[in-house]
Amino acid sequence: MDLISESGSAILTSFGLTLRLAFFSGIFSLLLGVVLATFRVSPVPVLRWVGAAVVYTLRNTPLTLVMFFTLFGLSYQLGVSFDKELLYRNNFWLAVLALSVYTSTFVCEVLRSGINTVPLGQAEAARAIGLTFTQNLRLIVLPQALRSVINPLASVLIAMTKNTTVAVTIGVTTATFVNEASGQMKALMERNSDQILLIFIIFAAGFMILTLPIGFIAGWASKRFAVIR
Amino acid sequence: MVLDHVDKHYGDLHVLQDINLEIKRGEVVVVIGPSGSGKSTLCRTINRLETIDSGTIKLDGKELPAEGKGLAKLRAEVGMVFQSFNLFAHKTILQNVTLGPMKVRKLKKAEAEAEAKKLLDRVGVGAQAAKYPAQLSGGQQQRVAIARALAMKPQVMLFDEPTSALDPEMVKEVLDVMVSLAKEGMTMIVVTHEMGFARMAADRVVFMADGQIVESNTPAEFFDNPQSERAKDFLGKILKH
(Lines give C-alpha, C1' and ligand atoms only; values in the text may rest on other atoms or scores of the structure.)
Protein backbone atom coordinates (compact mmCIF):
# COMPACT_ATOMS: atom_id res chain seq x y z
CA MET A 1 0.00 0.00 0.00
CA ASP A 2 3.03 2.25 -0.38
CA LEU A 3 1.62 3.30 -3.67
CA ILE A 4 -1.47 4.81 -2.09
CA SER A 5 0.38 6.63 0.66
CA GLU A 6 2.98 7.97 -1.75
CA SER A 7 0.84 8.80 -4.73
CA GLY A 8 -2.73 8.86 -3.43
CA SER A 9 -3.05 12.61 -3.44
CA ALA A 10 -1.52 12.90 -6.92
CA ILE A 11 -4.02 10.34 -8.22
CA LEU A 12 -6.88 12.30 -6.70
CA THR A 13 -5.51 15.53 -8.14
CA SER A 14 -5.24 13.95 -11.59
CA PHE A 15 -8.84 12.75 -11.44
CA GLY A 16 -9.81 16.22 -10.29
CA LEU A 17 -8.29 17.57 -13.49
CA THR A 18 -10.04 14.89 -15.56
CA LEU A 19 -13.30 15.79 -13.86
CA ARG A 20 -12.83 19.49 -14.65
CA LEU A 21 -12.07 18.68 -18.29
CA ALA A 22 -15.18 16.51 -18.49
CA PHE A 23 -17.38 19.04 -16.69
CA PHE A 24 -16.59 22.01 -18.90
CA SER A 25 -16.47 19.97 -22.10
CA GLY A 26 -19.80 18.41 -21.16
CA ILE A 27 -21.51 21.75 -20.71
CA PHE A 28 -20.04 23.34 -23.84
CA SER A 29 -20.64 20.29 -26.03
CA LEU A 30 -24.30 20.13 -24.98
CA LEU A 31 -24.80 23.84 -25.70
CA LEU A 32 -22.91 23.71 -28.98
CA GLY A 33 -24.70 20.48 -29.92
CA VAL A 34 -28.09 22.19 -29.51
CA VAL A 35 -26.90 25.07 -31.71
CA LEU A 36 -25.63 22.66 -34.37
CA ALA A 37 -28.87 20.66 -34.29
CA THR A 38 -30.83 23.90 -34.67
CA PHE A 39 -28.70 24.73 -37.72
CA ARG A 40 -29.28 21.30 -39.19
CA VAL A 41 -33.08 21.51 -39.00
CA SER A 42 -33.23 25.22 -39.85
CA PRO A 43 -35.40 26.41 -42.74
CA VAL A 44 -32.43 28.49 -43.93
CA PRO A 45 -30.36 26.39 -46.39
CA VAL A 46 -27.04 28.14 -45.60
CA LEU A 47 -27.37 27.27 -41.91
CA ARG A 48 -28.18 23.66 -42.77
CA TRP A 49 -25.05 23.45 -44.95
CA VAL A 50 -22.86 24.98 -42.26
CA GLY A 51 -24.28 22.56 -39.67
CA ALA A 52 -23.74 19.56 -41.93
CA ALA A 53 -20.21 20.64 -42.86
CA VAL A 54 -19.18 21.05 -39.22
CA VAL A 55 -20.68 17.70 -38.24
CA TYR A 56 -19.22 15.74 -41.13
CA THR A 57 -15.77 17.27 -40.71
CA LEU A 58 -15.38 16.95 -36.94
CA ARG A 59 -17.24 13.70 -36.46
CA ASN A 60 -14.98 11.98 -38.97
CA THR A 61 -11.69 13.40 -37.69
CA PRO A 62 -9.88 11.53 -34.90
CA LEU A 63 -10.02 13.42 -31.60
CA THR A 64 -6.23 13.21 -31.32
CA LEU A 65 -5.96 15.24 -34.53
CA VAL A 66 -8.47 17.80 -33.31
CA MET A 67 -6.58 18.04 -30.04
CA PHE A 68 -3.22 18.51 -31.80
CA PHE A 69 -4.78 21.08 -34.09
CA THR A 70 -5.91 23.25 -31.19
CA LEU A 71 -2.36 23.36 -29.80
CA PHE A 72 -0.18 23.41 -32.92
CA GLY A 73 -2.63 24.93 -35.38
CA LEU A 74 -4.75 27.30 -33.36
CA SER A 75 -2.35 28.23 -30.60
CA TYR A 76 1.14 28.05 -32.13
CA GLN A 77 0.36 28.84 -35.75
CA LEU A 78 -2.62 31.19 -35.49
CA GLY A 79 -1.78 32.65 -32.10
CA VAL A 80 -5.08 31.85 -30.42
CA SER A 81 -4.45 31.72 -26.71
CA PHE A 82 -6.67 31.45 -23.64
CA ASP A 83 -3.85 32.50 -21.34
CA LYS A 84 -0.62 34.13 -22.55
CA GLU A 85 1.29 33.67 -19.28
CA LEU A 86 0.18 30.39 -17.80
CA LEU A 87 0.81 27.66 -20.35
CA TYR A 88 -1.00 24.98 -18.34
CA ARG A 89 -4.16 27.10 -18.36
CA ASN A 90 -3.94 27.71 -22.08
CA ASN A 91 -3.55 23.98 -22.70
CA PHE A 92 -6.44 23.14 -20.41
CA TRP A 93 -8.86 25.38 -22.29
CA LEU A 94 -7.52 24.24 -25.66
CA ALA A 95 -8.31 20.67 -24.60
CA VAL A 96 -11.79 21.74 -23.47
CA LEU A 97 -12.26 23.43 -26.84
CA ALA A 98 -11.19 20.33 -28.77
CA LEU A 99 -13.36 18.00 -26.67
CA SER A 100 -16.36 20.35 -26.86
CA VAL A 101 -16.42 20.88 -30.61
CA TYR A 102 -15.68 17.21 -31.26
CA THR A 103 -18.35 15.92 -28.86
CA SER A 104 -20.90 18.53 -29.93
CA THR A 105 -21.18 16.86 -33.34
CA PHE A 106 -22.26 13.62 -31.65
CA VAL A 107 -24.67 15.51 -29.38
CA CYS A 108 -26.08 17.19 -32.50
CA GLU A 109 -26.74 13.92 -34.29
CA VAL A 110 -28.33 12.34 -31.21
CA LEU A 111 -30.59 15.38 -30.84
CA ARG A 112 -31.49 15.27 -34.50
CA SER A 113 -32.63 11.69 -34.19
CA GLY A 114 -34.60 12.81 -31.13
CA ILE A 115 -36.27 15.52 -33.17
CA ASN A 116 -37.37 12.84 -35.61
CA THR A 117 -39.24 11.05 -32.80
CA VAL A 118 -41.43 14.10 -32.17
CA PRO A 119 -44.63 13.69 -34.21
CA LEU A 120 -45.00 16.25 -37.00
CA GLY A 121 -48.38 17.26 -35.55
CA GLN A 122 -46.63 18.78 -32.52
CA ALA A 123 -44.70 21.24 -34.65
CA GLU A 124 -47.76 21.93 -36.81
CA ALA A 125 -49.89 22.71 -33.78
CA ALA A 126 -47.16 25.03 -32.50
CA ARG A 127 -47.04 26.80 -35.85
CA ALA A 128 -50.81 27.01 -35.93
CA ILE A 129 -50.94 29.05 -32.70
CA GLY A 130 -48.42 31.49 -34.16
CA LEU A 131 -45.11 30.39 -32.64
CA THR A 132 -42.06 31.35 -34.69
CA PHE A 133 -39.53 28.73 -35.82
CA THR A 134 -37.19 29.34 -32.89
CA GLN A 135 -40.03 29.40 -30.34
CA ASN A 136 -41.36 26.19 -31.81
CA LEU A 137 -37.97 24.52 -31.50
CA ARG A 138 -37.24 25.89 -28.03
CA LEU A 139 -40.65 25.34 -26.44
CA ILE A 140 -42.14 22.35 -28.20
CA VAL A 141 -39.78 20.28 -30.34
CA LEU A 142 -36.44 20.32 -28.49
CA PRO A 143 -37.89 19.69 -25.00
CA GLN A 144 -39.65 16.59 -26.33
CA ALA A 145 -36.65 15.55 -28.43
CA LEU A 146 -34.29 15.88 -25.44
CA ARG A 147 -36.48 13.72 -23.25
CA SER A 148 -36.46 10.94 -25.78
CA VAL A 149 -32.65 10.88 -26.14
CA ILE A 150 -31.50 11.11 -22.51
CA ASN A 151 -29.95 7.63 -22.62
CA PRO A 152 -28.06 8.01 -25.91
CA LEU A 153 -26.90 11.45 -24.74
CA ALA A 154 -25.52 9.81 -21.60
CA SER A 155 -23.53 7.42 -23.79
CA VAL A 156 -22.05 10.39 -25.61
CA LEU A 157 -21.13 12.04 -22.30
CA ILE A 158 -19.59 8.82 -20.98
CA ALA A 159 -17.50 8.50 -24.14
CA MET A 160 -16.52 12.14 -23.75
CA THR A 161 -15.41 11.62 -20.15
CA LYS A 162 -13.14 8.79 -21.25
CA ASN A 163 -11.97 10.86 -24.22
CA THR A 164 -10.52 13.41 -21.80
CA THR A 165 -7.53 11.04 -21.68
CA VAL A 166 -6.59 12.25 -25.18
CA ALA A 167 -5.70 15.56 -23.54
CA VAL A 168 -2.46 13.87 -22.52
CA THR A 169 -1.28 14.38 -26.10
CA ILE A 170 -1.07 18.15 -25.63
CA GLY A 171 0.23 17.89 -22.10
CA VAL A 172 -2.68 19.14 -20.03
CA THR A 173 -1.61 19.50 -16.42
CA THR A 174 -2.58 21.23 -13.19
CA ALA A 175 -0.66 24.21 -11.82
CA THR A 176 1.54 21.72 -9.92
CA PHE A 177 2.19 19.75 -13.10
CA VAL A 178 0.05 16.74 -12.28
CA ASN A 179 -1.27 15.19 -15.51
CA GLU A 180 -4.86 14.26 -16.14
CA ALA A 181 -5.64 10.64 -15.20
CA SER A 182 -4.10 8.77 -18.13
CA GLY A 183 -0.90 10.81 -18.05
CA GLN A 184 -0.66 10.28 -14.33
CA MET A 185 -1.21 6.58 -14.75
CA LYS A 186 1.63 6.36 -17.28
CA ALA A 187 3.96 8.29 -14.96
CA LEU A 188 3.09 6.06 -12.03
CA MET A 189 3.68 2.91 -14.03
CA GLU A 190 7.11 4.10 -15.08
CA ARG A 191 8.06 4.66 -11.46
CA ASN A 192 6.39 1.52 -10.04
CA SER A 193 6.91 -1.12 -12.71
CA ASP A 194 6.32 -3.88 -10.12
CA GLN A 195 2.72 -2.77 -9.49
CA ILE A 196 1.43 -2.19 -12.99
CA LEU A 197 -1.70 -4.33 -12.57
CA LEU A 198 -2.71 -2.55 -9.39
CA ILE A 199 -2.25 0.83 -11.05
CA PHE A 200 -4.42 -0.27 -13.97
CA ILE A 201 -7.15 -1.33 -11.59
CA ILE A 202 -7.01 1.91 -9.59
CA PHE A 203 -7.38 4.06 -12.69
CA ALA A 204 -10.03 1.89 -14.31
CA ALA A 205 -12.02 2.08 -11.07
CA GLY A 206 -11.50 5.84 -10.99
CA PHE A 207 -13.04 6.23 -14.42
CA MET A 208 -15.95 3.99 -13.47
CA ILE A 209 -16.61 6.19 -10.45
CA LEU A 210 -16.84 9.15 -12.82
CA THR A 211 -18.92 7.54 -15.54
CA LEU A 212 -21.24 5.05 -13.81
CA PRO A 213 -23.33 7.80 -12.17
CA ILE A 214 -23.91 9.39 -15.60
CA GLY A 215 -25.59 6.18 -16.75
CA PHE A 216 -27.59 5.75 -13.55
CA ILE A 217 -28.81 9.34 -13.53
CA ALA A 218 -29.75 9.08 -17.21
CA GLY A 219 -31.69 5.88 -16.61
CA TRP A 220 -33.64 7.52 -13.82
CA ALA A 221 -34.17 10.78 -15.72
CA SER A 222 -35.35 9.11 -18.91
CA LYS A 223 -38.13 7.46 -16.89
CA ARG A 224 -38.90 10.53 -14.83
CA PHE A 225 -39.15 12.89 -17.81
CA ALA A 226 -40.58 10.49 -20.38
CA VAL A 227 -43.20 12.08 -22.62
CA ILE A 228 -46.32 9.95 -22.51
CA ARG A 229 -48.24 9.94 -25.78
CA MET B 1 -61.47 35.33 -46.05
CA VAL B 2 -61.10 35.09 -49.81
CA LEU B 3 -59.49 32.30 -51.82
CA ASP B 4 -58.89 33.30 -55.41
CA HIS B 5 -57.83 30.86 -58.16
CA VAL B 6 -55.87 28.66 -55.73
CA ASP B 7 -53.93 25.80 -57.29
CA LYS B 8 -51.73 23.16 -55.72
CA HIS B 9 -49.95 20.05 -56.99
CA TYR B 10 -48.36 17.10 -55.23
CA GLY B 11 -46.06 15.95 -57.99
CA ASP B 12 -48.40 14.99 -60.82
CA LEU B 13 -51.47 15.09 -58.62
CA HIS B 14 -53.45 18.32 -58.97
CA VAL B 15 -54.91 18.38 -55.45
CA LEU B 16 -56.47 21.83 -55.57
CA GLN B 17 -57.79 23.05 -58.91
CA ASP B 18 -58.76 26.68 -59.31
CA ILE B 19 -60.40 27.04 -55.91
CA ASN B 20 -62.47 30.19 -55.46
CA LEU B 21 -64.12 30.63 -52.10
CA GLU B 22 -65.26 33.59 -50.08
CA ILE B 23 -66.13 33.31 -46.42
CA LYS B 24 -67.83 36.22 -44.70
CA ARG B 25 -67.36 37.20 -41.10
CA GLY B 26 -69.51 35.03 -38.87
CA GLU B 27 -70.20 32.50 -41.58
CA VAL B 28 -69.94 28.77 -40.91
CA VAL B 29 -68.80 26.86 -43.96
CA VAL B 30 -68.75 23.09 -43.91
CA VAL B 31 -66.55 21.37 -46.48
CA ILE B 32 -67.54 17.81 -47.32
CA GLY B 33 -66.49 15.36 -49.97
CA PRO B 34 -64.97 11.96 -50.51
CA SER B 35 -61.49 11.05 -49.23
CA GLY B 36 -58.72 12.49 -51.33
CA SER B 37 -60.89 15.26 -52.67
CA GLY B 38 -58.52 17.90 -51.32
CA LYS B 39 -60.72 19.23 -48.54
CA SER B 40 -58.14 18.75 -45.78
CA THR B 41 -55.46 20.24 -48.00
CA LEU B 42 -57.70 23.24 -48.62
CA CYS B 43 -58.15 23.69 -44.88
CA ARG B 44 -54.39 23.50 -44.30
CA THR B 45 -53.54 25.99 -47.04
CA ILE B 46 -55.61 28.63 -45.28
CA ASN B 47 -53.03 29.01 -42.51
CA ARG B 48 -50.25 27.94 -44.81
CA LEU B 49 -49.40 24.61 -43.25
CA GLU B 50 -49.45 23.72 -46.94
CA THR B 51 -48.05 26.05 -49.56
CA ILE B 52 -49.95 26.86 -52.74
CA ASP B 53 -48.59 26.96 -56.29
CA SER B 54 -50.66 29.83 -57.60
CA GLY B 55 -53.58 32.05 -56.69
CA THR B 56 -54.07 34.16 -53.59
CA ILE B 57 -55.53 33.70 -50.13
CA LYS B 58 -56.52 36.85 -48.30
CA LEU B 59 -57.67 37.44 -44.75
CA ASP B 60 -59.38 40.76 -44.15
CA GLY B 61 -58.15 41.98 -47.54
CA LYS B 62 -54.51 41.18 -46.76
CA GLU B 63 -52.68 38.41 -48.55
CA LEU B 64 -51.07 35.65 -46.45
CA PRO B 65 -47.38 36.35 -45.83
CA ALA B 66 -45.13 33.63 -47.25
CA GLU B 67 -42.96 33.04 -44.19
CA GLY B 68 -41.29 34.47 -41.11
CA LYS B 69 -42.79 36.65 -38.43
CA GLY B 70 -45.62 37.91 -40.64
CA LEU B 71 -46.80 34.37 -41.23
CA ALA B 72 -46.60 33.53 -37.51
CA LYS B 73 -48.70 36.60 -36.82
CA LEU B 74 -51.32 35.54 -39.33
CA ARG B 75 -51.48 32.05 -37.89
CA ALA B 76 -52.23 33.53 -34.49
CA GLU B 77 -55.37 35.03 -36.09
CA VAL B 78 -56.45 31.69 -37.52
CA GLY B 79 -57.29 28.98 -35.01
CA MET B 80 -56.77 25.41 -36.10
CA VAL B 81 -58.14 22.16 -34.73
CA PHE B 82 -56.57 18.97 -36.04
CA GLN B 83 -57.94 15.50 -36.56
CA SER B 84 -55.30 14.06 -34.22
CA PHE B 85 -55.67 16.82 -31.55
CA ASN B 86 -51.91 17.49 -31.44
CA LEU B 87 -51.90 18.73 -27.87
CA PHE B 88 -48.36 19.43 -26.67
CA ALA B 89 -47.52 16.12 -25.04
CA HIS B 90 -44.98 17.46 -22.53
CA LYS B 91 -47.22 20.24 -21.21
CA THR B 92 -50.24 20.14 -18.92
CA ILE B 93 -53.71 20.95 -20.21
CA LEU B 94 -53.50 24.42 -18.69
CA GLN B 95 -50.04 25.04 -20.17
CA ASN B 96 -51.30 23.90 -23.57
CA VAL B 97 -53.88 26.68 -23.49
CA THR B 98 -51.71 29.42 -21.95
CA LEU B 99 -48.63 28.88 -24.14
CA GLY B 100 -49.87 30.81 -27.18
CA PRO B 101 -51.30 33.78 -25.28
CA MET B 102 -48.10 34.08 -23.22
CA LYS B 103 -45.53 33.58 -25.96
CA VAL B 104 -47.31 35.13 -28.94
CA ARG B 105 -49.70 37.64 -27.37
CA LYS B 106 -47.27 38.39 -24.51
CA LEU B 107 -49.95 38.12 -21.84
CA LYS B 108 -48.91 37.88 -18.18
CA LYS B 109 -49.05 34.38 -16.74
CA ALA B 110 -51.85 35.12 -14.27
CA GLU B 111 -53.91 36.77 -16.96
CA ALA B 112 -53.38 33.92 -19.42
CA GLU B 113 -54.24 31.32 -16.79
CA ALA B 114 -57.45 33.05 -15.75
CA GLU B 115 -58.49 33.24 -19.39
CA ALA B 116 -57.48 29.63 -20.01
CA LYS B 117 -59.48 28.36 -17.03
CA LYS B 118 -62.56 30.15 -18.33
CA LEU B 119 -62.12 28.54 -21.73
CA LEU B 120 -61.51 25.09 -20.24
CA ASP B 121 -64.64 25.41 -18.13
CA ARG B 122 -66.55 26.48 -21.18
CA VAL B 123 -65.58 23.35 -23.11
CA GLY B 124 -66.18 21.25 -19.99
CA VAL B 125 -62.66 20.13 -19.08
CA GLY B 126 -61.85 22.65 -16.35
CA ALA B 127 -61.32 19.86 -13.84
CA GLN B 128 -58.51 18.34 -15.94
CA ALA B 129 -56.32 21.46 -16.07
CA ALA B 130 -53.37 19.95 -14.18
CA LYS B 131 -53.28 16.69 -16.13
CA TYR B 132 -51.24 15.80 -19.20
CA PRO B 133 -52.87 15.19 -22.60
CA ALA B 134 -52.26 11.42 -22.54
CA GLN B 135 -54.39 11.16 -19.38
CA LEU B 136 -57.49 12.51 -21.15
CA SER B 137 -59.95 10.80 -23.47
CA GLY B 138 -59.95 11.71 -27.14
CA GLY B 139 -63.07 13.81 -26.81
CA GLN B 140 -61.61 15.71 -23.89
CA GLN B 141 -58.34 16.25 -25.75
CA GLN B 142 -60.14 17.62 -28.77
CA ARG B 143 -62.12 20.03 -26.58
CA VAL B 144 -58.84 21.20 -25.03
CA ALA B 145 -57.49 21.69 -28.56
CA ILE B 146 -60.50 23.91 -29.32
CA ALA B 147 -59.86 25.88 -26.12
CA ARG B 148 -56.19 26.23 -27.08
CA ALA B 149 -57.16 27.68 -30.46
CA LEU B 150 -59.79 29.97 -28.92
CA ALA B 151 -57.30 31.32 -26.40
CA MET B 152 -55.61 33.18 -29.24
CA LYS B 153 -58.90 35.01 -29.92
CA PRO B 154 -58.77 34.07 -33.60
CA GLN B 155 -60.81 35.72 -36.34
CA VAL B 156 -61.40 32.39 -38.06
CA MET B 157 -61.42 28.82 -36.79
CA LEU B 158 -60.39 25.94 -39.02
CA PHE B 159 -61.49 22.42 -38.14
CA ASP B 160 -59.75 19.62 -40.03
CA GLU B 161 -61.92 16.53 -39.50
CA PRO B 162 -62.15 17.22 -35.76
CA THR B 163 -64.23 14.15 -34.95
CA SER B 164 -62.73 11.58 -37.32
CA ALA B 165 -60.30 10.14 -34.76
CA LEU B 166 -62.86 9.92 -31.96
CA ASP B 167 -64.87 7.05 -30.56
CA PRO B 168 -68.50 7.45 -31.62
CA GLU B 169 -69.70 8.28 -28.12
CA MET B 170 -67.26 11.19 -27.89
CA VAL B 171 -68.23 12.81 -31.15
CA LYS B 172 -71.22 14.57 -29.66
CA GLU B 173 -69.33 16.35 -26.89
CA VAL B 174 -67.01 17.89 -29.47
CA LEU B 175 -69.79 18.78 -31.90
CA ASP B 176 -71.75 20.41 -29.08
CA VAL B 177 -68.86 22.76 -28.42
CA MET B 178 -68.61 23.54 -32.13
CA VAL B 179 -72.33 24.20 -32.46
CA SER B 180 -72.22 26.63 -29.55
CA LEU B 181 -69.26 28.39 -31.16
CA ALA B 182 -71.15 28.68 -34.42
CA LYS B 183 -74.16 30.15 -32.60
CA GLU B 184 -71.95 32.76 -31.00
CA GLY B 185 -70.99 34.03 -34.41
CA MET B 186 -67.49 32.58 -34.82
CA THR B 187 -66.31 32.39 -38.42
CA MET B 188 -65.68 28.71 -39.04
CA ILE B 189 -64.44 26.47 -41.81
CA VAL B 190 -65.14 22.87 -40.93
CA VAL B 191 -63.94 19.86 -42.89
CA THR B 192 -66.02 16.97 -41.67
CA HIS B 193 -68.02 13.85 -42.42
CA GLU B 194 -70.66 14.77 -39.82
CA MET B 195 -73.67 15.49 -41.99
CA GLY B 196 -75.83 16.16 -38.94
CA PHE B 197 -73.52 18.97 -37.91
CA ALA B 198 -73.53 20.38 -41.44
CA ARG B 199 -77.33 20.46 -41.50
CA MET B 200 -77.63 21.98 -38.07
CA ALA B 201 -74.84 24.54 -37.88
CA ALA B 202 -73.64 25.38 -41.38
CA ASP B 203 -74.60 28.50 -43.26
CA ARG B 204 -73.18 26.94 -46.37
CA VAL B 205 -72.00 23.55 -47.51
CA VAL B 206 -69.14 23.29 -49.95
CA PHE B 207 -68.86 19.96 -51.72
CA MET B 208 -65.43 19.04 -53.04
CA ALA B 209 -64.40 16.22 -55.34
CA ASP B 210 -61.11 15.58 -57.16
CA GLY B 211 -59.58 18.86 -56.05
CA GLN B 212 -62.46 21.01 -57.24
CA ILE B 213 -65.37 22.74 -55.59
CA VAL B 214 -68.30 21.04 -57.24
CA GLU B 215 -71.16 22.62 -55.34
CA SER B 216 -71.68 25.38 -52.83
CA ASN B 217 -75.12 25.84 -51.35
CA THR B 218 -77.19 26.13 -48.18
CA PRO B 219 -77.33 22.87 -46.24
CA ALA B 220 -81.05 22.38 -46.88
CA GLU B 221 -80.66 22.89 -50.62
CA PHE B 222 -77.52 20.79 -50.85
CA PHE B 223 -78.81 17.78 -48.94
CA ASP B 224 -82.36 17.78 -50.32
CA ASN B 225 -81.65 18.90 -53.81
CA PRO B 226 -78.06 18.30 -54.92
CA GLN B 227 -77.35 19.63 -58.39
CA SER B 228 -74.34 17.65 -59.63
CA GLU B 229 -74.12 13.92 -60.34
CA ARG B 230 -71.00 13.70 -58.18
CA ALA B 231 -72.81 15.12 -55.15
CA LYS B 232 -75.87 12.94 -55.72
CA ASP B 233 -73.65 9.89 -55.91
CA PHE B 234 -71.75 10.88 -52.73
CA LEU B 235 -74.89 11.62 -50.73
CA GLY B 236 -76.53 8.43 -52.00
CA LYS B 237 -73.62 6.41 -50.66
CA ILE B 238 -73.44 7.97 -47.22
CA LEU B 239 -77.08 8.67 -46.41
CA LYS B 240 -78.82 5.49 -47.54
CA HIS B 241 -78.13 2.79 -45.02
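Two exercises with worked solutions follow, both on a predicted model.

**Exercise 1. Find which residues of chain A UniProt lists as "transmembrane region", and state what the chain forms over residues 92-112 and over residues 196-221.**

Solution. Begin with the record: the unreviewed UniProt entry gives "transmembrane region" for residues 21-41, 61-80, 92-112 and 196-221 of chain A. Next, turn to the model for residues 92-112 of chain A, where the span is 100% helix and 0% strand, with its end C-alpha atoms 30 Å apart. Then do likewise for residues 196-221 of chain A, which are also 100% helix and 0% strand, and whose end C-alpha atoms lie 38 Å apart.

**Exercise 2. Describe the contact between chain A and chain B, going from its area to its residues and then to its salt bridge.**

Solution. Start with the area: the two chains bury about 1,800 Å² between them, and 64% of this is on carbon and sulfur atoms. On the side of chain A, the residues that lose the most area to chain B are A:Glu124, A:Ala128 and A:Ile129, which together make up 30% of what that side buries. Now take the residues, of which chain A gives 20 and chain B gives 24.

For the salt bridge, the count between the chains is one; it joins the side chains of B:Arg44 and A:Glu124, and because the N to O distance is 2.5 Å, the pair meets the cut-off of within 4 Å. Seven residue pairs are in polar contact across the interface. Finally, α5 (120-128) and α6 (133-148) of chain A each give two or more residues to the side that touches chain B, with α5(A) giving the most, seven residues. That side of chain A divides into 10 nonpolar, six polar and four charged residues.

Conventions: Residues numbered from 1 in each chain as written. Chains lettered and ligands numbered in written order. Predicted model: local features only at pLDDT ≥ 70, side-chain atom pairs only at ≥ 80, totals over all residues. Heavy atoms only, no water. UniProt positions renumbered as here; feature names shortened; annotations may be inferred. Helix = DSSP H or I, 4+ residues; strand = E, 2+ residues; numbered from the N terminus. Contact = heavy atoms within 4.5 Å. Buried area = accessible area lost by both parts, 1.4 Å probe. Polar contact = N/O pair within 3.5 Å; in protein donor to acceptor, adjacent residues only side chain to side chain. Nonpolar A, V, L, I, M, F, W, Y, C, P; charged D, E, K, R; others polar.
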